[in-house]
Amino acid sequence: MKMLRIETLEKGWCDKDRVMLHAAFQLLVDFVEKEKPGEIVDWGHDPEHQHAWQEIQALYEWWTRTRPARKDPLEEKGLKRPPIRWKKVPGSDLSQLVDYDRKNYPEYEDAVAQHQRLENEWHDEDQRNFHRLVEVRGFLWT
């Protein structure tokens, strides 16, 4: 039985769309680092192989260096965060989150807005690069 150890995922639950992305790129990392295709494949054989090798190297670089360097503004040290408070919902066993005064946390509000914009950009970037990886899938052999 073959097992794929996905180094970029933490233990615990993870949605399948995220698992699929990380699994595909783990295969790329394993291919580049363990099979050493740069040493044993003639990537200059034809323009198609040359392009595929350029893509493989660019995607590997993006996954291992560029993507991990992303900075989430909500993770900034020293960011003043609003308190989390709950109040009981009358007539039930439920609690409701109490909204905070947004005027007292302008930096946090800016960080939330930046975070949401970046999440969308990063999702689109992940999707584009996942498609690029699928396009060179046929070259991932040694």
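This is a predicted model: local features need pLDDT of at least 70, side-chain atom pairs count only at pLDDT 80 or more; totals for chains, interfaces and linings use all residues.
Biologist: Why does Glu-125 count as partly exposed?

Modeller: Glu-125 has a relative accessibility of 21%. Buried means under 20% relative accessible area, exposed means over 50%, and partly exposed is what lies in between (using a 1.4 Å probe and protein chains only). So Glu-125, at 21%, lands in the partly exposed class. Residues are numbered from 1 along each chain as its sequence is written, and side-chain values use heavy atoms, with hydrogens and water left out.

Biologist: What makes the pair Arg-70 and Glu-125 a salt bridge?

Modeller: Their closest N and O atoms are 2.7 Å apart. A salt bridge needs a side-chain nitrogen of Lys or Arg within 4 Å of a carboxyl oxygen of Asp or Glu, so this pair passes. Arg-70 sits in the loop between α3 and β1 (85–88) and Glu-125 in helix α4, so the bridge ties together parts that are 55 residues apart in sequence.

Biologist: And what do we call a helix here, by the way?

Modeller: Helices are DSSP runs of H or I with at least four residues, strands are runs of E with at least two, and both are numbered from the N terminus.

Biologist: How many salt bridges does a search of the whole structure find?

Modeller: Ten. One of them joins Arg-5 and Glu-7, at 3.2 Å from N to O. Arg-5 counts as exposed at 63%, and Glu-7 is exposed too, at 52%.

Biologist: What about Glu-121 and Arg-117: where do they lie?

Modeller: Both are in helix α4, four residues apart, which is about one turn of the helix. Glu-121 is partly exposed at 39%, and Arg-117 is partly exposed at 42%. Elsewhere, salt bridges that share partners join Arg-67, Arg-70, Glu-125 and Asp-126 into one network.

Biologist: Why is Arg-67 called buried?

Modeller: Its relative accessible area is 17%, so Arg-67 falls on the buried side of the cut-off. Arg-67 is in the loop between α3 and β1.

Biologist: Which residues is Arg-67 in contact with, leaving aside its neighbours within four places in sequence?

Modeller: Leu-21, His-22, Trp-62 and Asp-126. Contact means heavy atoms within 4.5 Å.

Biologist: What makes Glu-55 and Arg-132 a polar contact?

Modeller: Their side chains are joined at 2.8 Å. A polar contact is a pair of N or O atoms within 3.5 Å; within protein, one must be able to donate a hydrogen and the other to accept it, and residues adjacent in sequence count only if both atoms are side-chain atoms. Glu-55 is in helix α3 and is buried, at 15%.

Biologist: How do you describe the way α3 and α4 pack?

Modeller: Two packed helices are described by the angle between their axes and the distance between the axes. Helix α3 (residues 47–66) and helix α4 (residues 106–135) pack at about 145°, with axes 10 Å apart. Axes are lines fitted to C-alpha atoms, for helices over the stretch in contact, and angles run from 0 to 180 degrees between N-to-C directions. The contact is made by Glu-55, Ala-58, Leu-59 and Trp-62 of α3 and Glu-125, Asp-126, Asn-129, Arg-132 and Leu-133 of α4.

Biologist: What classes do the residues in that contact belong to?

Modeller: Four are nonpolar, one is polar and four are charged. Ala, Val, Leu, Ile, Met, Phe, Trp, Tyr, Cys and Pro count as nonpolar, Asp, Glu, Lys and Arg as charged, and the others, Gly among them, as polar.

Biologist: What does left-handed mean for the crossing of α1 and α3?

Modeller: A crossing is left-handed if the near helix is turned anticlockwise from the far one by less than a right angle, and right-handed if clockwise. α1 passes α3 in the left-handed way. Helix α1 (residues 16–35) and α3 pack at about 115°, with axes 10 Å apart.
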